[in-house]
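This briefing concerns the structure shown below.

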Amino acid sequence: MTGARSGAAGWGFVAPALLWTLAFFIVPFVVMGAMSLATLDGRTLVWGLHPDNYVELATRAYLWRAIIVSLEITLTVTIVSVLLAYPLAAIIAFRVPPRWQRLALLLAILPFWTSYVVRSYAWLLVLAQEGIVNRALTGIGLLDDPVRLANTRFATVTGFVHFFVMLLTLTIYANLVQLSPNYRRAAMDLGANAFQTFRHVILPLTLPGIVTGAFLTFVLCIGDYVTPQILGGNTELTVPQVIMVQLGRRANFPLASALAIVLMGIVTLAYLGCARWLRLDRI
Amino acid sequence: MTKRISALLGGTAIVALAGPAAAQELNALVWCDHTDEALIAPFEEEFGVTVNLREYEGTGAALALLEQSRPGDWDVLVIDGIDVFRVVEAGLMAPLPRDELPLDDFFPEIVMEENNAVDGTLYAVTEKFGYNTISYNSENVDPEDMQDLSTVWSDEYAGRISIYDYYLPVMGLAALSAGIDTAAMDAASLETIAPVLSQMRASAASVAGVVAAQTALATGEVDIVVGGGEWLTAVLSADQPELTWTIPDQGAVRWTQSIGVLADSENPDLALEFVKYIVSAEGQARLATSSCFWGMPANSAAGDILTEDQRAALRWDEQGDYLARTQLYPAPDADLDIEMQDLWLDTLQQ
């Protein structure tokens, strides 16, 4: 009786999360999967088990190229963001006095407070040929003529990195401040210099935080439409941009769904690749 | 006596319309130019109703919205002129009474009976039009060069071009430069225009939407927008008169937008009044100069209301010549549309 009661109580506690997952993940995923196996007859949707969209994915050069472009941009953004965020988080965690750390974090995430779209357009102006970056570089004599920065992959990566450095700084900082200072003291007592302490003690211990932040960056970046659309100038297309093209005029939901399933597959592979280090409790 | 009864009935009809309208709402799926308060407020005040506007981009998005809505959720639809047949085929549009619309005042080329009517029944009416052609900065490029499409995207202007991010008008321009009429475009003609698109793409610094293209031209990021027109430069020309547009010798393509009442509308009378307001001379003048984008009004009577400056920005006096030298942009069937979109995406990924 007690066991049955506690079992019912357990299900009672779990039920809201289960219902939430069922309603907002499982059901949409099943619908999207079914839609990816549907096809269009002219402009009419035909349900069924048609592999057409996946065949098209395998044979259409621009679709493959979109997947490759998305992966290249996402990996670049993830790596650059980690390389920039780690030192920033370390400075805040180890160099900034504790009473100022909250303010330092606030300043680090201040750009989060502005609209994502507005921030992207602002970057477009900053990176324009007559923008502040080109003017500064030509003004100090580093460049003779302005260079093309806007509407390039560089612009897309810059816009992404600006956003994700903030996110990664938070996740890595949360990890760093949980580290007991005794680890560093012990390493130094044993004769390790600062680099060795970092390489053999701090880095391995903070790896879960780095991987968790990097995984979040990967997931958010590969599915983002706004930044490449505004800053990339459509000089190359990512998967979300191709999805939008399919929906915009032709309402080709089946092919768009197949592309979305591929994106989910890539994210799943990324998860499996770093599951060993993922520690969401470190965020 | 008969006249008095008619007047009484007419008055009753107006009261019947105005009475419940005090609490009425009209829901319209529109393009961004309809969201200008200066356009909508006079209608709301006159009828004492609220007009709820939902912007969308792309006919596919509109169809998806309509499919996901309950019957009666939407009353009015603004749609690309070449896509009216799609919504009519889907049974979404209600017939419009010709005798209540000022079609006789329209520019004849813009009535577009073949697009807006099926089997003699009118389902939509053209409300605005313009051109996808060449916008440019006259201080940085030779205006003479802009009269020849092949020169526009030649190596001479490589890296100084932005292409408008909509494949139908841009492919229409490519077809015109290859000597193919937009109405004659078929799968075979795509092979002819593919190299033209590749050349265009190779010369382009970006492929941009409306705001990005305007920004690129205004900030000097590019000097030419292929697919631009009055809708792109008119709102900028007051501050930057050097930003202008032309129709090249090979011609250009023409865009149109239509408006109609949805078949399932729960407020069909009010929806029709809204359509009538939009195509009235006053509504047309406001729509033509919407803060989102400018364009020519379909109803020529709007010319009496627009100011001289507004008429000049729209190049009112040259419309006869422009209409004669432009073609409606391609209106592909479903199969050709797929091939055109695939070619466009292939070109962008080159």
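**Salt bridges and burial**

B:Asp83 counts as buried because its relative accessibility is 1%, where buried means under 20% relative accessible area, exposed over 50% and partly exposed in between (1.4 Å probe, protein chains only). The model is predicted: local features need pLDDT of at least 70, side-chain atom pairs count only at pLDDT 80 or more, and totals for chains, interfaces and linings use all residues. Residues are numbered from 1 along each chain as its sequence is written, chains are lettered from A and ligands numbered from 1 in the order in which they are written, and side-chain values use heavy atoms, with hydrogens and water left out.

**Charge pairs**

- Side chains of opposite charge can pair when their charged atoms come close.
- Over all chains, the search finds 17 salt bridges, each defined as a side-chain nitrogen of Lys or Arg within 4 Å of a carboxyl oxygen of Asp or Glu.
- One of them links B:Asp83 to B:Arg86, with the closest N and O atoms 3.9 Å apart; B:Arg86 is likewise buried, at 4% relative accessibility.
- In chain A, the side chains of A:Arg135 and A:Glu130 form a salt bridge at 3.6 Å, N to O. A:Arg135 is exposed at 53% relative accessibility, whereas A:Glu130 is partly exposed at 45%.
- B:Arg325 and B:Asp321 pair at 3.2 Å, N to O. These two residues are about one helical turn apart, because four residues separate them in helix 15 (residues 319-325) of chain B; helices (H or I, at least four residues) and strands (E, at least two) are DSSP runs, numbered from the N terminus.
- B:Arg325 is partly exposed at 28% relative accessibility, as is B:Asp321 at 39%. Elsewhere, A:Arg65, A:Glu72, A:Arg153 and A:Glu236 are joined into one network by salt bridges that share partners.

**Cysteines**

- There is one disulfide over all chains, a disulfide being a pair of cysteine sulfur atoms within 2.5 Å.
- The bond connects B:Cys32 and B:Cys292, with an S to S distance of 1.8 Å. The two cysteines are 260 residues apart and link distant parts of the chain: B:Cys32 is in the loop between strand 1 (25-30) and helix 2 (37-47) of chain B, and B:Cys292 is in the loop between helix 13 (281-288) and strand 12 (296-297) of chain B.
- The disulfide of B:Cys32 and B:Cys292 is left-handed because the torsion about its S-S bond is about -70°. B:Cys292 is partly exposed, at 27% relative accessible area.
- The sulfur of A:Cys221 lies 15 Å from its closest cysteine sulfur, in A:Cys274, which is too far for a bond. A:Cys221 is buried at 3% relative accessible area, and A:Cys274 is buried at 13% relative accessibility.

**Surface charge**

- A patch of negative charge on the surface gathers A:Asp41, B:Asp333, B:Asp335 and B:Glu339. Patch residues have over 30% relative accessible area and no salt bridge, with like charges joined within 9 Å and nonpolar side chains (Val, Leu, Ile, Met, Phe, Trp, Tyr) within 5 Å.
- B:Glu339 belongs to helix 16 (residues 334-348) of chain B and is partly exposed at 37% relative accessibility.

**Chain A overall**

- Chain A contains twelve helices and two strands, and 42% of its 283 residues are buried.
- Along the principal axes, its C-alpha atoms fill a box of roughly 80 × 70 × 30 Å.
- A:Leu110 sits in the loop between helix 4 (98-108) and helix 5 (116-126) of chain A. From A:Met166, A:Leu110 is 56 residues away in sequence and 8.6 Å away in space, C-alpha to C-alpha.

Note on methods. Accessible areas come from the Shrake-Rupley method with a 1.4 Å probe; for residues, only the protein chains shown count as cover. Lys and Arg count as positive and Asp and Glu as negative; His and the chain ends are not counted. The place of a charge is taken as NZ of Lys, CZ of Arg, CG of Asp or CD of Glu.
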